[in-house]
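The following exercises concern a single protein chain.

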Amino acid sequence: MHRRRTKAKPVLRGSERQPNQYVVNQSVDDFLTPTTDAPIRTVVQRPTADGRRVLSEVVSLDPPSPVKRARHQASVITEDLGSLAEDPLDFEPEGINGELYNMELGGFFPAFESSASSKKKRDPLRPSDSALHAFRALRDEYLQEFLRLDGCGDASTEFCPGCNAVDPAFRCLDCFGELLYCRACCVGMHKHNPLHRVERWDGRYFTRASLKSLGLSIQFGHEDCSRPRSAHENFVVVDLSGIHEVAVLFCGCERESEMGLQRVQLVRRRWFPATTDNPRTAFTFRVLDFFHTQTLQGKTTMFDFYTSLEKITDATGGSLPKRYLEFLRSTREYRHLLMLKRGGRGHALSGVYGTGPGDLAIRCPACPRAGVNLPEGWEDAPPETRFLYIIFLALDACFRLKRRLVSSELRDPGLGTGWAYFVEMEPYRQYLLTVTDQVEMSTCSGLAALDYANTKYSRGYSSTGPTGVGDLQKGERYANMDWIFASLLRWIHRRLKKVVSYDIVCQWYKQLKERLANLPPLVRLHVILVFFAFVIPKMHIHSHILACQLWFSLNLLPGAGQTDGEGIERPWANVGGVASSTREMGPGSRRNCLDDHWAFWNWCKLVGLAALLRRRLDNARRESAAQKEAFESFSLEQEERVQGWEEKVAAYEADPQNARNPYEITHPGMTEAQARLKIAEEEAEAVRNGVPALHDVSPSAFVFEGLELEDEQRRVRVQVELKKAGTTAQKIDVLALRRKLSRGITRFRKLQATYTPGALQALARREAPPDEVAENIPLMLPSALTAAERAVGCVASVEHVESLARDAQCSEALQRLRNQLHVKSRLFTYKSNHARHQGANTRSRTLVARNESKIRLHSEKYQAAWRALGLLSNGDLSKVGWPKLRREDVRMMEDPEELTKRQALRKKQDARRREKLDRIRTEEGVSIEEEDEEGVQGDGEEDEEMVVNTAENMRQVSWIWRMAKSFGTDAELEDALRIEWTKARARSKRWAEEVSLLEEEYRRMLVSFEYEAKQWEQRAKDIPVGEVDAAFGEGVIAYALKQAAMYRTLGERAVVTMEEVHHGRGRKRTQRPVPVTTEASGGGDGGGDEGGGSDGSDDESDGDGAGNVPSDEEYFMGGGEDDG
């Protein structure tokens, strides 16, 4: 019996067809008659008795899918009962990829439901957007109405509805209604709406008119001015409705001093003057606010926005007033004033010039601040809760934010540089003048930040990027980073412990104490290193050598929780959209622009912090429970060893500089050189004991010569594959390698006559291909012989020597494979982040290809040694001691974010499949066997060789990263168990810390909001009401009280966010009564990160793992409540 695969004419589902035929066409008619899931039909062919003909018989088989089999049973039961219910209107894509069934439930066909199901079935013929579908049929109607609006419509062309004047000819596009008015009524109606767009009917069509041409003059100051003073005759105002030429009158009567200067009169009507004296141009607050929001949220450039206003005014390219340069200046001034206003400088007696460094920056409400959100006595907290009062700091550079050599500090000074996020510019610049080029060598390979510090990468640029925040001139020089770091530490309490993350911290922290002490007096610091911990961000650490991964890992640092240290990367991604604009700006304009964007980023983080903490906390509690259970189970299995291991970890955490690192291997596997030395010593001992030598070349030298030839064969194969004989020179190189290899094989054959004569007999029986090259010739080491051949045709000691050598090969090849995979990660990071222009990219590709060849060599060496050990043990793999290395095992440490998302998606898919099975059981009365459940849940048979991956903080990584040897000496076994236990302990501890940190950050957030509210209330109280103008006093107090109310509203929202019960995405949330205290008292756990909150997952999906890189919170800036 066999199955015939054919490609016939198009056959639809409802027609008779042979199995596995490709469906190439469908029509709507085929979908209108739903069919049940029919059994599979196959064809059995039998020859006749005379052997001249073949008889074909169609045989029905049950579907292999348990779900489809259940459907078929349910349809049979339904037919027997005479039910008229029809199956859902769906189909299976049998022609897609030539596959008969798709077991991805919920993929191509909807979940099976009976007609009695309460869940409404989705019609596959129904459009996804019903409103758009209805619009298609009404396009003519809409088009007619659009054209109707170009005429007078229902408006009377005989009498003005305002005064009954004849021949009304003017209408307003911005007023409600389409009535025509006379000139006088139109002007009178727009006395308080002077920027509306007006059209004039000339008897045939409407033409654009201006209110100025109709006689409208806009009076500023007060309406009943007896002596108005005209502004410039070509006064221009820019609004969202376009660019307008208007007639402006200023107050010039006896109340002029009360009304203020011209610029003051404009501002009081929410028009921002482009110049301070005799302004000719103004921009409405509305257009400035709209652009401000657009550039912060959408990174819209000033040029694109202003060009859009020109198109709105006249899209035909007509002559318009040019006010682009005025728009640039006014926008810069306006957002600077907004930052001063939101920073409370209008309430300070010292005013704008009393603003100090960092006064306009938005602080993270979750980060610890002494005197703001920390409890009394936090400095003397017990050791077990001291980690609550850690502040996480991050250093990094963004090389996208370069600035070309345009303008200068004298021509373009900043408006308050150093008042927000940049360091004070002048002291910083004077310090850098004293610093010459630094050659900062790295002992950790692959650190591109140091490679670019003094290269032509910065050629043609004045600044190669801001950092935390200060401009760099030539890469990440230590001088720049030291000043910026010291400037930051000035505002942090000295007794707070600082965890400093930096992608090259392994080099930068060396001699840091001495360098900080030698800085200028403004930022000079004498740091106490006991209050500092230096770490490498979790994504970057895989680009470092293994020693760095042990010393600077956040996963192993007590108190770190699930902080990933990558928080500083997120604002870089957000602000990257303005890099093309800031590149051409002057130094002051650029710093003001970046300060504004970072303020907006911080504000968005602030308003979304409660939701972020809630997602992280829910996930941390789940993962903490899982890691605790796994750790306790492991500890129970190793109960007799746990106490000693715990003491070692405690000693290391108390004094990491002097105690031995418990996470480090102390008994590494034997290398080939060590194995060779050990065997040579054994042979020398045998000679001293009187055992005669068979040859001048010892057995160990014979075996290791064969292994070296094997290595050489692998190298030649890789070279041939890489080079592909592309040029004559490369062909000569390959031929030379092959000649050298052939000479070595000839020498080895002579030694085989002494030590393995059975190998020569096996080679004599082999038929070699005529074109066989040297790298493919079998060497026939003892492992290549059968057990019988080794017994009679091999010296006994040689087999023992090869076994020891192969074991050492596995150990060394695995270690080198790990190193090359780390190098691969570094190269990819280097190339994606730093390689620019064709030359750098070509060099990067060359390095990657060279490294790939090394990975290939080491993996093949391990695989060859593993096979040899299996053969030497006569096929008993349990005696090998090393796992098999498969292709999918050879991979880098994977991105925690992607792995966590994959794990969460897998859980959701399993839940949906389980729900489908339960529904089939209950609604159709069909039983599904246990093995079928597994088939549905697994969505088909998965490759047994595949390895499930998760992040290091929830990890089951590829075995090559956690494998020593499954058996060996007692010390090696103890080493492997200790390392695995200490890492399991660290995971459990870090997740428990994460829960405590998030709870403490939530408490600190509420306290910080209340602190800010009280600060604004105090500002309102400090206003000397009787000593200032009444209108000003009223406004300044109103703004302060509004800001106080806003912060209290944020706190109330945070409480609601943390209390509500989540029922899953798309479902209504309910509230739960959880008491929340906003008192700055002890309890909870602490530590914020560099952007607010410990670095965990910020993904939208609930439960995606913490400790990974989050996405930014998308929030709009709203009026006076926006601090960004």
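Two residues are in contact when heavy atoms of theirs lie within 4.5 Å. The model examined here is predicted.

**Exercise 1.** Determine whether L977 is buried or exposed, and state which residues it touches.

*Solution.* Begin with the location: L977 belongs to helix α32, which spans residues 970-1021. Next, apply the cut-off, by which a residue is buried under 20% relative accessible area. L977 has a relative accessibility of 19%, and therefore counts as buried. Finally, list the contacts: leaving aside residues up to four places away in sequence, L977 touches F634, Q638, R641 and W645. One of these, Q638, is 339 residues from L977 along the chain, yet their C-alpha atoms are 8.6 Å apart.

**Exercise 2.** Describe how strand β4 pairs with strands β3 and β5.

*Solution.* Strand β3 runs antiparallel to β4 (residues 198-201), and three bridges join them. Within this pairing, R171 faces E199 of β4. Turn next to β5 (residues 206-209), which is also antiparallel to β4 and is joined to it by four bridges. Here R200 has T207 in β5 as its bridge partner. Lastly, examine the connection: β4 and β5 make a hairpin with four residues between them, and G203 in the turn has a positive phi of about 100°.

**Exercise 3.** State what percentage of the chain's residues count as buried, and how many helices and strands the chain has.

*Solution.* Of the 1124 residues, 46% count as buried. The chain contains 33 helices and 19 strands.

Definitions and conventions:
Residues are numbered from 1 along each chain as its sequence is written. This is a predicted model: local features need pLDDT of at least 70, side-chain atom pairs count only at pLDDT 80 or more; totals for chains, interfaces and linings use all residues. Side-chain values use heavy atoms; hydrogens and water are left out. Helices (H or I, at least four residues) and strands (E, at least two) are DSSP runs, numbered from the N terminus. Buried means under 20% relative accessible area, exposed over 50%, partly exposed in between (1.4 Å probe, protein chains only). Two strands pair if DSSP finds at least two bridges between them.
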